[in-house]
Amino acid sequence: MRELRIAAVGDVHLDESLRGSYRKRLHDIEERADVLLLAGDLTRHGTLEEGQVVADEFHDLPIPVVAVLGNHDHHSDHPAEIAAMLRDAGIAVLHDDAIVLDIHGVRLGVVGGKGFGGGYAGKCASDFGEPEIKAFVGHTKRIADRWRVALKELDADRRIVLSHYSPVKDTLAGEPLEIYPFLGSYLLAEAVDAEGADLIVHGHAHAGTEKGVTPGGIRVRNVALPVLGHAYGIYCL
């Protein structure tokens with residue numbers, strides 16, 4: 001079966017001042033990759049104007065583009081409108097669901113969503129006490145459950161999970177320990193380990209590190225732009 005080349009980046013944080021700058025960095029991407037994954041925080045403040053910049057920068061590329069939104073993309077309370085802009089530009093936007101792409105006869109399945117926080121096993125928020133804490137943990141649990149179902153139902157030759165928040169703490173190394181619960185949750189990794197995947201990519205942790213692995217042995221890559229230091233990373237499956 002043909003090897004697939006996965007380009008991925010997150011946290012590009014585009015606004016009007018950066019219009020035209022990212023597009024230049026995608027020149028000839030089809031020579032290096034078969035698909036481009038965008039791991040959220042595509043805008044700076046989640047405004048509609050910034051959403052249009054993102055749509056203009058990534059539209060009509062010669063390879064498929066699949067995206068999830070991040071916390072910055074929710075900041076101005078327009079995530080649905082931004083997602084619609086991106087879809088109108090031909091970009092697939094996942095919201096705790098899946099897409100299957102046929103790439104040169106290989107079915108690539110991508111399950112994706114924003115993810116959420118809560119912390120990591122032994123150092124995490126629990127579903128106990130005030131309703132606000134229960135709501136915080138419950139939000140992540142519902143996301144993890146939807147990912148588990150999407151993976152279980154996914155019929156593909158290769159499987160990737162695309163997230164904004166991190167499923168493991170390995171890729172957070174360099175971030176302050178105090179903010180780990182706001183950078184991701186072990187519940188996300190549990191869901192993926194239960195159903196299996198070939199790769200997980202995420203963003204969100206600008207001061208983290210690129211490489212990690214879930215307890216079940218699945219590769220995890222932090223593709224936040226400040227971590228990569230270049231327009232996108234390439235990962236082969």
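Helix H4 (residues 79-88) gives the most to the lining of the largest pocket, contributing 4 residues. Before going further, a word on the source: this is a predicted model, where local features need pLDDT of at least 70, side-chain atom pairs count only at pLDDT 80 or more, and totals for chains, interfaces and linings use all residues. Residues are numbered from 1 along each chain as its sequence is written, and side-chain values use heavy atoms, with hydrogens and water left out.

**The pocket**

Back to that pocket: it holds about 160 Å³ of space. Its lining is made up of Leu 69, His 74, Pro 79, Ala 80, Ala 83, Arg 87, Val 93, Leu 94, His 95 and Lys 114. Sorted by class, that gives 6 nonpolar, 2 polar and 2 charged residues. Here Ala, Val, Leu, Ile, Met, Phe, Trp, Tyr, Cys and Pro count as nonpolar, Asp, Glu, Lys and Arg as charged, and the others, Gly among them, as polar. A pocket is an open set of points on a 1 Å grid over the protein atoms alone, where a 1.4 Å probe fits, with protein on both sides within 12 Å along at least five of seven lines; lining residues have an atom within 4 Å of a point. The volume is the space filled by probe spheres set on the points, which are joined across faces, edges and corners.

**The sheet**

Helices (H or I, at least four residues) and strands (E, at least two) are DSSP runs, numbered from the N terminus. In what order do the 5 strands of the open sheet come? They run E4-E3-E2-E1-E13, with mixed pairing. Strand E4 (92-93) and strand E13 (233-236) sit at the edges with a single partner strand each, so one side of each has no neighbour in the sheet. Further in, strand E2 (residues 35-39) and strand E3 (residues 65-68) pair in the parallel sense over 4 bridges (two strands pair if DSSP finds at least two bridges between them). Leu 38 stands opposite Ala 67 in E3.

**Aromatic rings**

Rings of Phe, Tyr and Trp (its six-membered ring) pair if their centres lie within 6.5 Å; planes under 30 degrees apart are stacked, over 60 edge-to-face, and the rest tilted. That rule finds 5 aromatic pairs. Take Phe 136 and Phe 182: their ring centres are 6.5 Å apart and their planes at 55°, so this pair is tilted. Phe 136 belongs to helix H5 (residues 131-153) and Phe 182 to the loop between strand E9 (158-163) and helix H6 (186-195), so the pair ties together parts 46 residues apart in sequence. Ring pairs also link Phe 116, Phe 136, Tyr 165 and Phe 182 into a cluster.

**Buried or out in the open**

Buried means under 20% relative accessible area, exposed over 50%, and partly exposed in between (1.4 Å probe, protein chains only).

| Residue | Relative accessibility | Class |
|---|---|---|
| Phe 136 | 22% | partly exposed |
| Phe 182 | 52% | exposed |
| Leu 172 | 0% | buried |
| His 13 | 7% | buried |
| Asp 77 | 62% | exposed |

Leu 172 is in the loop between E9 and H6. His 13, in the loop between strand E1 (5-9) and helix H1 (21-25), has a positive phi of about 45° although it is not a glycine. Asp 77 lies in the loop between helix H3 (71-74) and H4, and its phi is positive too, near 65°. Most residues other than glycine have a negative phi.
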